[in-house]
Amino acid sequence: MTLENNGISCWMAPASIQGGLSYAQELDQAINANKTVLPFMLEYLNIDGNQIQSLEALEGCALLEGLSAADNQLETTRGIENLGELKYLDLSGNALTDDGIKEPIPFQSDEWIVCDFSRNQITSLKLDTECEYRYLSVYGNPLEEYETIYQTVGSPGSTLVLDFQESLDLRT
């Protein structure tokens, strides 16, 4: 039995792509059009490399455990604040800045958290201090402040990957 047989609208590439529209345009429209369907079904979502500019259509995805939205055009994390089961997040290669991440992402999982914020424009990353991070990548960001990051994820068992600008002297 398929979802369509039960009256649930589905979007599947490449069959659902209309002539003349790009994959990114179609995917963005499909996510927004199915906003009421997504929260009940998604546990893992990979939308890498699709020129997506917003994650707001995912606001109600209460079961989402893994989100990979790398290499898009995201400037903010708005839309993922209430993803209660999230434990894997990849937002690498976007256009995130400090203004786009105003508050720490409130991970509510009791398990280890894996985050990739690499290749953005973040200078100071706010982290949820209640989480146990397994992996945090901030590679390729122009970080100006790193002490809070180290204190948050510097617990035994965590792997910390940092890439600082040459002007930051870590020897002091």
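**Ground rules.** I number residues from 1 along each chain as its sequence is written, and I work with side-chain values that use heavy atoms, hydrogens and water being left out. Since the model is predicted, local features need pLDDT of at least 70 and side-chain atom pairs count only at pLDDT 80 or more, while totals for chains, interfaces and linings use all residues.

**Confidence.** I looked up pLDDT, the predictor's confidence in each residue from 0 to 100, and found a chain mean of 75, with 62% of the residues at 70 or more. Over residues 165-169 the pLDDT stays under 50, and there the model has 3 contacts beyond four places in sequence, a contact meaning heavy atoms within 4.5 Å.

**Strands.** I took strands as DSSP runs of E, at least two residues long and numbered from the N terminus, and I counted two strands as paired if DSSP finds at least two bridges between them. β3 and β4 run parallel and are joined by 3 bridges, and I noted aspartate 90 opposite aspartate 116 in β4. β4 and β5 also run parallel, joined by 4 bridges, and valine 114 has tyrosine 135 in β5 as its bridge partner.

For leucine 91, I listed contacts beyond four places in sequence, among them Leu55, Ile80, Leu96 and Phe117.

**Two threonines.** Which loop holds threonine 76? I placed threonine 76 between β2 (66-68) and β3 (88-90), and threonine 76 counts as buried because its relative accessibility is 18%, the limits being under 20% for buried, over 50% for exposed and partly exposed in between, with a 1.4 Å probe and protein chains only. The side chain of threonine 76 has a polar atom 3.1 Å from the backbone nitrogen of arginine 78, and this side chain also reaches the backbone oxygen of glycine 100 at 3.2 Å. Beyond four places in sequence, I found threonine 76 in contact with Leu96 and Gly100.

Threonine 129 lies in the loop between β4 (113-116) and β5 (133-137), and counts as exposed because its relative accessibility is 58%. I also noted that threonine 129 and proline 104, 25 residues apart in sequence, are 8.7 Å apart from C-alpha to C-alpha.

Notes
A polar contact is a pair of N or O atoms within 3.5 Å; within protein, one must be able to donate a hydrogen and the other to accept it, and residues adjacent in sequence count only if both atoms are side-chain atoms.
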